[in-house]
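Hi,

Here is the structure I promised to pass on.

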Amino acid sequence: MKLSSSFIASQLLPFYVNANLVVGYSGGVDSHVLLHLLASIPEFKNKITAIYVHHGLQICADDWAVHCQDCSAVLGVKFKVIRVNGQAAAGESPEEAARNARYQAFKEILTETDMLLFAQHRNDQLETVLLQLFRGAGLKGLSGMPTKTTFAAGVLLRPLLDVSQEEIKQYALQNQLQWIEDPSNQDTQFDRNFLRQEVMPLLEQRWPSLDKTVARVAGHCAEAQTVLSANAKEQMLRIYEQQKRCLLISGLLQHDVLMQQWIVREWLDYLGVRMPSVKVLQAIFQDILAARQEANPIVRHDGFEIQRYRDGLYLVAAQDPFDVSQIFSWGDTSQPLRLDNNGLLQTCIAQQGIAADLWQQGLVQIKYRQGGEKIALANRSGRHSLKKLYQEAGVAPWLRERMPVIYIDDKIAAIADLWVGKDFYGRAGESCIKLTWQQSP
């Protein structure tokens with residue numbers, strides 16, 4: 001394979017639809033070659049933005065940013081520096097911290113019209129698969145890096161993934177490119193560097209085509225993962241309650257143990273949470289699903305808490321202590337109201353709901369339950385405590401204090417988007433206001 005503008009164009013064209021090209025540009029040989037190839041194509045050139053993520057971890061990082069800016073200027077492409085905090089948190093490796101900070105930076109800037117390009121190559125794929133193998137990964141980990149995947153609001157593409165690093169270096173030398181050599185790449189205390197410096201030369205000496213062979217294995221694993229994942233997701237959606245964002249435990253337990261594990265993984269992936277470790281998965285099944293219904297065990301994972309309530313398995317965002325004394329005045333009720341750390345309230349015209357004239361003429365405020373509140377409901381006798389209504393409706397305990405209570409002229413008019421008070425309920429033929437509470441993820 002010979003690297004050229006026609007080659008890189010052929011890698012992009014199956015996915016390219018007038019997109020902006022955002023290139024992860026570290027200044028190293030791989031990303032510099034990718035940027036050079038892209039800039040050699042006239043129809044792409046004006047759509048390229050090279051982005052250098054400044055982790056603040058290296059003394060030379062400022063100089064590298066300047067180098068990348070100068071190279072981008074020579075190539076005639078736009079350039080941007082994004083500064084991030086790459087320091088490792090407790091229990092996080094330096095490699096993982098830098099990678100997470102880098103990926104988060106790109107997630108925050110990517111739009112639907114952007115295509116993000118990384119310069120990872122076949123040797124990177126080999127290292128990735130071997131590291132996953134050594135860590136005891138399953139099919140998903142052994143699938144390695146995909147050539148194309150959805151990423152934040154856009155798409156992530158790795159157009160050099162089937163190209164060897166040797167081919168990349170040959171292209172750089174032939175075109176007299178100047179690139180950065182990061183000295184930390186020689187530090188073998190990092191797993192990937194140890195593998196690259198100490199292990200890979202021996203393996204490749206014995207098996208010269210190892211990178212191609214492992215790439216093929218990764219492809220087989222990816223195919224198997226796709227088939228099994230699609231089946232598990234189909235089963236998951238059948239027992240997933242969209243409104244409550246929970247998995248029905250009774251439905252889950254109808255499957256065999258292996259399928260249960262696949263379904264839980266797909267559920268977490270569907271909710272945007274990273275794959276659980278074996279330890280976390282075991283805790284979900286042993287501590288939560290096997291617990292008594294009245295018990296309330298919690299498994300923490302990826303900044304969330306996994307809990308059960310009645311027949312539901314819930315993913316609950318770990319929240320700061322909630323201030324139930326907050327009061328929000330909803331001035332312009334035609335506009336959504338953002339609640340502090342508690343999502344969004346929106347309205348629309350409907351045939352049922354709060355009478356529009358009462359809504360438009362009254363003073364609308366949002367409060368939270370203090371205890372003892374009651375409400376009379378249409379088509380139902382008596383007055384009912386909020387606590388009793390929550391229990392009847394199966395509102396999970398951790399949501400109850402967060403349910404917005406809507407007051408009109410100091411009287412309870414509605415509870416979130418679940419109930420409307422009898423005195424405020426629109427009569428047949430009246431214009432009504434329907435509330436929607438979009439909870440925080």
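This is a predicted model: local features need pLDDT of at least 70, side-chain atom pairs count only at pLDDT 80 or more; totals for chains, interfaces and linings use all residues.

Residues are numbered from 1 along each chain as its sequence is written, and side-chain values use heavy atoms, with hydrogens and water left out.

For the overall dimensions, the C-alpha atoms fill a box of roughly 85 × 50 × 40 Å along the principal axes. Of the 441 residues, 45% are buried. Buried here means under 20% relative accessible area, exposed means over 50%, and partly exposed is in between (1.4 Å probe, protein chains only). Among contacts (heavy atoms within 4.5 Å) with a separation of 6 or more, 68% are between residues 24 or more positions apart.

Helix α2 and its partner

Helix α2 covers residues 29-39 and helix α8 covers residues 165-174. Their axes come within 10 Å and cross at roughly 65°. The axes are lines fitted to C-alpha atoms, for helices over the stretch in contact, and the angles run from 0 to 180 degrees between N-to-C directions. This crossing of α2 and α8 is left-handed, meaning that the near helix is turned anticlockwise from the far one by less than a right angle.

Which residues meet there? From α2 you have V29, D30, V33, H36 and L37, and from α8 Q165, I168, K169, Y171 and A172. Sorted by type, the residues of this contact are six nonpolar, two polar and two charged. In that scheme Ala, Val, Leu, Ile, Met, Phe, Trp, Tyr, Cys and Pro are nonpolar, Asp, Glu, Lys and Arg are charged, and the others, Gly among them, are polar.

Eleven of the eleven residues of α2 are buried, so the helix is largely enclosed by the rest of the structure. The buried residues of α2 include D30, H32 and H36.

Salt bridges

How many salt bridges does the whole structure hold? The search finds eleven, counting a side-chain nitrogen of Lys or Arg within 4 Å of a carboxyl oxygen of Asp or Glu. Here are some to look at.

D62 and R83 meet through their side chains at 3.6 Å, N to O. D62 sits in helix α4 (residues 61-75) and R83 in strand β3 (residues 78-83), so this pair ties together parts that are 21 residues apart in sequence. D62 is partly exposed, at 43% relative accessible area, and R83 is exposed, at 60%.

R192 and E127 form another salt bridge, at 3.2 Å from N to O. R192 belongs to helix α9 (residues 191-206) and E127 to helix α6 (residues 122-134), so parts 65 residues apart in sequence are tied together. Is E127 buried or exposed? At 5% relative accessibility, E127 is buried; R192 is partly exposed at 24%.

The side chains of R135 and D191 also meet in a salt bridge, this one at 4.0 Å, N to O. It links distant parts of the chain, 56 residues apart: R135 is in the loop between α6 and α7 (139-142), and D191 is in helix α9. R135 is exposed at 52% relative accessibility, and D191 is partly exposed at 42%.

Two single residues

N123 is in helix α6 and is buried, with a relative accessible area of 15%. A polar atom of the N123 side chain lies 2.8 Å from the backbone nitrogen of Q165. Leaving out residues up to four places away in sequence, N123 touches S164, Q165, E204 and D211.

A98 is in helix α5 (residues 94-109) and counts as buried at 14% relative accessibility. What does A98 touch, not counting residues up to four places away in sequence? H55, L57 and G86. A98 and R274 are 176 residues apart in sequence, with their C-alpha atoms 17 Å apart in space.

Cheers

Conventions. Helices (H or I, at least four residues) and strands (E, at least two) are DSSP runs, numbered from the N terminus. A polar contact is a pair of N or O atoms within 3.5 Å; within protein, one must be able to donate a hydrogen and the other to accept it, and residues adjacent in sequence count only if both atoms are side-chain atoms.
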